Amino acid sequence: MGIVNVTPDSFSDGGRLTSVEAAVAHGLRLVEQGADILDIGGESTRPGAEPVPEAGEIARVVPVIEGLRARWPGPISIDTMKPAVARAAFAAGATMWNDVTALGFAPDSPATAADLGCEVVLMHMRGEPRTMQADPQYGDVVAEVADWLVARAEAAMAAGVGRDRIWLDPGIGFGKTAAHNLALTAQLDRLAATGFPVLYGASRKRVIQTIAPTATDPGDRLGGSLALALEAARRGAAILRVHDVRETVQALAVQAALAGLEIAT
């Protein structure tokens, strides 16, 4: 899953795609590099981020989705917590709803997902973007995240969302310390064992800087991003949400070749 942020304030690439044309061109470039899905976001959810009005978010994402759909037939995900934005995105051609609140932002979110008949990504977040990094604490972070996500999946299914359309995302960096993020990555197979497919996204995130302190700029975290992505894939992630598609595809190809050799021997 290649990331296309049309925001002025996302932690890594905010403000870089300043026009619809630039965003569409970037998305198509990610497809050429090997992206199977494009994830379009119009509201930053980085720590401390301020909310974006519904109309403003729609104005950002809809033209980009329309532009991509006119030139590419593949899956397009809308990264939003707002049901009205999801509806507008689907009318423009989106096919997947990636929700950082796991359909918990609005009372009608689960019913909207059911009505759209879409695949939906349910992500774990403790708190909200403005406050989520204020001393997050867990007992067993993996068990608590898995249990919470399964409960959200059950709520979605109760509203009419098909089980086969639900993905779970542990929410790396969303209300978690570096230790929590590493535990979730190293034990991602426990989340995969719930029976729901797992989406994993740690691309360029701050957890990498905690391990490699010189990586203060998100753009300098490619090595760490690849290491986390490969471990997540090894532990059962079915979708990797990344900024650096070409490099991730290459790393996964080498990992698969090595795994093939291990099986052969």
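# Notebook: sheet, salt bridges and a surface patch

I began at strand β6. I166 and L168 point one way from it, W167 and D169 point the other way, and all are buried. For burial I used relative accessible area: buried is under 20%, exposed is over 50%, and partly exposed lies in between (1.4 Å probe, protein chains only). In a regular strand the side chains alternate between the two faces of the sheet.

Some ground rules for these entries. The model is predicted, so I took local features at pLDDT of at least 70 and side-chain atom pairs only at pLDDT 80 or more, while totals for chains, interfaces and linings use all residues. Residues are numbered from 1 along each chain as its sequence is written, and side-chain values use heavy atoms, with hydrogens and water left out.

**Entry: the sheet**

I looked up the strand order next. Six strands make an open sheet, β1-β2-β3-β4-β5-β6, with parallel pairing. The edges are β1 (2-5) and β6 (166-169), each of which pairs on one side only. From one strand to the next the twist averages 25°. Helices (H or I, at least four residues) and strands (E, at least two) are DSSP runs, numbered from the N terminus. I called two strands paired if DSSP finds at least two bridges between them. Strands of a sheet pair through backbone hydrogen bonds, either parallel or antiparallel.

I then checked two of the pairings. β2 (residues 38-41) and β3 (residues 76-79) run parallel over four bridges. L38 has I76 as its bridge partner in β3. Helix α5 (residues 141-158) packs on the sheet and touches β5 (119-123) and β6; its direction makes about 155° with that of β6. Axes are lines fitted to C-alpha atoms, for helices over the stretch in contact, and angles run from 0 to 180 degrees between N-to-C directions. β5 and β6 also pair in the parallel sense, over four bridges. Here V120 has I166 as its bridge partner in β6.

**Entry: N98 and T80**

What does N98 touch, beyond residues up to four places away in sequence? I found D39, S77, I78, D79, T80, V121 and R241. Contact means heavy atoms within 4.5 Å. N98 sits in strand β4 (residues 96-99). N98 counts as buried because its relative accessibility is 3%.

T80 lies in the loop between β3 and α3 (83-92). Its relative accessibility is 2%, so T80 counts as buried. Setting aside neighbours within four places in sequence, T80 contacts E57, V85, A86, W97, N98 and D99. The C-alpha atoms of T80 and D99 are 5.4 Å apart, although the two residues are 19 apart along the chain.

**Entry: salt bridges**

My rule was a side-chain nitrogen of Lys or Arg within 4 Å of a carboxyl oxygen of Asp or Glu. That gives eleven salt bridges.

- D39 and R241 meet at 2.7 Å, N to O. This pair links distant parts of the chain: D39 is in strand β2, R241 is in the loop between β8 (239-240) and α10, and they are 202 residues apart. D39 counts as buried at 0% relative accessibility. R241 counts as buried at 17%.
- D115 and R87 meet at 2.9 Å, N to O. D115 is exposed, with a relative accessible area of 54%. R87 is partly exposed at 37%.
- R234 and E231 have their closest N and O atoms 3.0 Å apart. They are about one helical turn apart because they lie three residues apart in helix α9 (residues 222-234). R234 counts as exposed at 55% relative accessibility. Salt bridges that share partners join D189, E231, R234 and R235 into one network.

**Entry: a nonpolar patch**

Which residues make the nonpolar patch of about 290 Å²? They are V254, L258 and L261. Patches are made of residues with over 30% relative accessible area and no salt bridge; like charges are joined within 9 Å, nonpolar side chains (Val, Leu, Ile, Met, Phe, Trp, Tyr) within 5 Å. Areas come from the Shrake-Rupley method with a 1.4 Å probe, and for residues only the protein chains shown count as cover. L261 is in helix α10 (residues 245-264). With a relative accessible area of 56%, L261 is exposed.
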